[in-house]
Amino acid sequence: MDGHHPFVQLTLARFREQLRQPEVLFWVFAFPLLLAVALGLAFRNRPPDVIRVGVEAGPHADSVAALLGHARGFTVSVLPAGEAADQLRKGRVAIVVVAGETVVYRYDSTRTESRMARLATDDALQRALGRRDVRAVAEQKVMEKGSRYIDFLIPGLLGLNLMGTGMWGMGYAVVDARKKKLMKRLLASPMRKSHYLLSFIAARLTMLGPEVVLLIGFGMLAFGVPMRGSVVDFLLLTLVGAMCFAGIGLLTASRARTIEAVSGLMNLIMMPMWILSGVFFSSANFPAAMQPAIRLLPLTALNDALRAVMLDGASLAAVAGPAAICAAWGVVSFAVALKIFRWL
Amino acid sequence: MSSNAVAIRCRALVKRYKDVTAVAGLDLEVRAGECFGLLGPNGAGKTTTVEMLEGLLAHDEGEIEVLGMRWGGHEHALRERLGVALQETKLADRLTVAEVIRLFRSFYRRGRTVEEVLDVVELGEKRDAWVEKLSGGQRQRLAIACALVGAPDLLFLDEPTTGLDPQSRRQLWEIVAAFKRGGGTVVLTTHYMEEAERLCDRVAVMDHGKVIALGSPRDLIATLGADHVVEFALRDGAEPPPEAVLAALPGVKAARRDGPRFSLTVTEAHRAVPALMLELERRGVELTELVTHHATLEDLFLSLTGRHLRDA
């Protein structure tokens, strides 16, 4: 197939048009990265918080405060009784220590933070006063990559992006060409309809590589997100996903005459999946009764499969189920779209 | 192709939309090598007609034969030989002129080179400019370049100069005339009578989906029986002379009143004008305007329908 073949020329035209629209490049490439950075920062895993302790002013207050002050992980302030009660109520201190013959811990036992503070404060105080452990213990701190929020998020964002670019890439361009009468003009030439439609898919595929590599590469480099499965399997899955949503996009655009009409339809189709399909939070949060339906959504299937390969190292065979759901959506959408497509 | 071959033949063509009959029984024959014009006001059915001829719109009744073939069956072979410029097509905004022409060239088995066509439409300097940066006239020339790049035998132009400035219009006329000199057949629609007179060998005047007059512009104008038109207007409140009196003046063929304005078709302006002045002076009414011009297709349309071409 040489450079003068109509399919090559149509694909080039489509590809050039995409590249020459900065807004397209932003939504396809920059936006998912920005989202990943923003959410990665917001939900980053923090080191354990410092425990804020108030010591009620009194004869032994200063010595107790000094003991706690030497232990790690506390900020201690000596406060008059009224003030201490006030700060406890407002949550500025997690616990108030009243140092007398008997040390009194004043705290809200329904708050996790206060319960933790009670245990830690007591432990620190008793140790400082000379308590010895009866059994030797050692600590191993673990922060497992692959189970953090960012690890969950990156494959979800990729799924979301494959849906968005697939649907908009097909839908917008098709309706725009129809509205401008460009489609009609093309049909007045000896162009083959199949070349026209295939060129959209080809142009979509040329964007797929950079899109996947950029987001996943960024996740791996910036956040250390793991890739435990086979890269080839993963890329095959993204291909299935891209084709699935290209099909749904084409179906959405198959009859619409105006951009407004197709935009409305797109949002109607995509909105539920943004929420239900486990992009930003697990779809397991929805009631059990909804789960079978949620699992049948193409984006849920795609996200589940992407996460399984990326985070759990699943093989392609192991994700055949969701991959098949995705592929079925694509095939059926394409078939129906071609049946009902409005060419003129 | 011999000069008396027929490029397009259509018979009893009918197209109905829900409650409107856009084309109501149309018979046409376009000869190979001629420039054929469909002239009429907006809504006369010109675009519907050409889009049926172009095979872009199904007809409800009648027969169409283009270059000896019919739509349905010969679609692809036909499209190889047609060049089409639709009314107001917006080509891809962010492709360059050369890229758009190259794209269209790729659809045809045979055709002209991109460079050749750029030359013909004088867009060589704009070859690397984005379509969205072009002026109206340049865009229209690009549309025609896309129609010419397949080296068509038959070129359809739907209102090629609507909305263009006079200079762009003349530039387009020159492109069409050159195509015709090369042996091509042209079908164009227009509501500019000047365009039809300048470019077309024959014109079908259309109104309400029907052909109401057919012939060369010169012959059609000759059916008015007069070469000139005298138009005048009277001062407000003046008692106007009856049309019958005006029509009886020497050298006057017919008279028509359109509100405060009058229009006389005249055979001999040099006799009619003095006679008119004398008559108006005798009645003591004062002129506010007097214009004479050669009779045009516009005058023909007016005399046939009582309406102006560009009323709609």
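These questions and answers go through a predicted model with chains A and B.

Reader: How many degrees separate helix 9 of chain A and helix 13 of chain A?
Author: Helix 9 spans residues 231-253 of chain A, and helix 13 spans residues 320-340 of chain A. Their axes lie 8 Å apart. The two helices are therefore roughly parallel to each other, given that angles under 35 degrees count as such. The packing angle is about 30 degrees.

Reader: Is the crossing of helix 9 of chain A and helix 13 of chain A left-handed or right-handed, and how many charged residues are in the contact?
Author: Helix 9 of chain A passes helix 13 of chain A in a left-handed crossing. Helix 9 of chain A brings residues including Gly241(A), Cys244(A) and Gly247(A). Helix 13 of chain A brings residues including Ala323(A), Gly330(A) and Ala337(A). By class, this contact has 14 nonpolar and 4 polar residues, and the charged residues number none.

Reader: How far apart are the axes of helix 2 of chain A and helix 8 of chain A?
Author: Helix 2 covers residues 22-42 of chain A, and helix 8 covers residues 193-223 of chain A. They pack at an angle of about 20 degrees, which makes helix 2 of chain A roughly parallel to helix 8 of chain A. Their crossing is right-handed. The axes are apart by 10 Å.

Reader: How many charged residues are in the contact of helix 2 of chain A with helix 8 of chain A?
Author: From helix 2 of chain A come residues including Phe29(A), Leu33(A) and Gly40(A). The contact has 10 nonpolar and 2 polar residues, and the charged count is 1.

Reader: Which helix of chain B gives the most to the side that touches chain A?
Author: The contact takes 21 residues from chain B and 21 residues from chain A. Helix 2 (75-81) and helix 3 (97-105) of chain B each supply at least two residues of the chain B side. By class, that side has 10 nonpolar, 3 polar and 8 charged residues. The top contributor, with 4 residues, is helix 3 of chain B.

Reader: Which strands stand at the edges of the open sheet in chain B?
Author: The sheet has 6 strands in the order 5-6-7-3-8-9, with mixed pairing. Its twist averages 15 degrees from one strand to the next. Each edge strand has a single partner, so one side is left without a neighbour in the sheet. The edges are strand 5 (82-85) and strand 9 of chain B.

Reader: Which residue of strand 9 of chain B stands opposite Val205(B)?
Author: Strand 8 (residues 202-207) of chain B pairs in the parallel sense with strand 3 (residues 35-39) of chain B over 4 bridges. There, Leu39(B) stands opposite Val205(B). Strand 8 of chain B also runs antiparallel to strand 9 (residues 210-215) of chain B, joined by 5 bridges. In strand 9 of chain B, the residue opposite Val205(B) is Ala213(B).

Reader: Which residue takes a positive phi in the hairpin of strand 8 and strand 9 of chain B?
Author: This hairpin has 2 residues between the strands. The residue with a positive phi, near 50 degrees, is His208(B).

Reader: At what angle does helix 6 of chain B run to strand 7 of chain B?
Author: Helix 1 (residues 46-53) of chain B lies across strands 3, 6, 7 and 8 of chain B. Helix 6 (residues 166-181) of chain B lies across strands 3, 6 and 7 of chain B. The angle of helix 6 of chain B to strand 7 of chain B is about 150 degrees.

Definitions and conventions. Residues are numbered from 1 along each chain as its sequence is written. Chains are lettered from A and ligands numbered from 1 in the order in which they are written. This is a predicted model: local features need pLDDT of at least 70, side-chain atom pairs count only at pLDDT 80 or more; totals for chains, interfaces and linings use all residues. Two residues are in contact if their C-beta atoms, placed from the backbone, lie within 7 Å. Ala, Val, Leu, Ile, Met, Phe, Trp, Tyr, Cys and Pro count as nonpolar, Asp, Glu, Lys and Arg as charged, and the others, Gly among them, as polar. Axes are lines fitted to C-alpha atoms, for helices over the stretch in contact, and angles run from 0 to 180 degrees between N-to-C directions. Angles under 35 degrees count as roughly parallel, over 145 as roughly antiparallel, 65 to 115 as roughly perpendicular and the rest as oblique. A crossing is left-handed if the near helix is turned anticlockwise from the far one by less than a right angle, and right-handed if clockwise. Two strands pair if DSSP finds at least two bridges between them.
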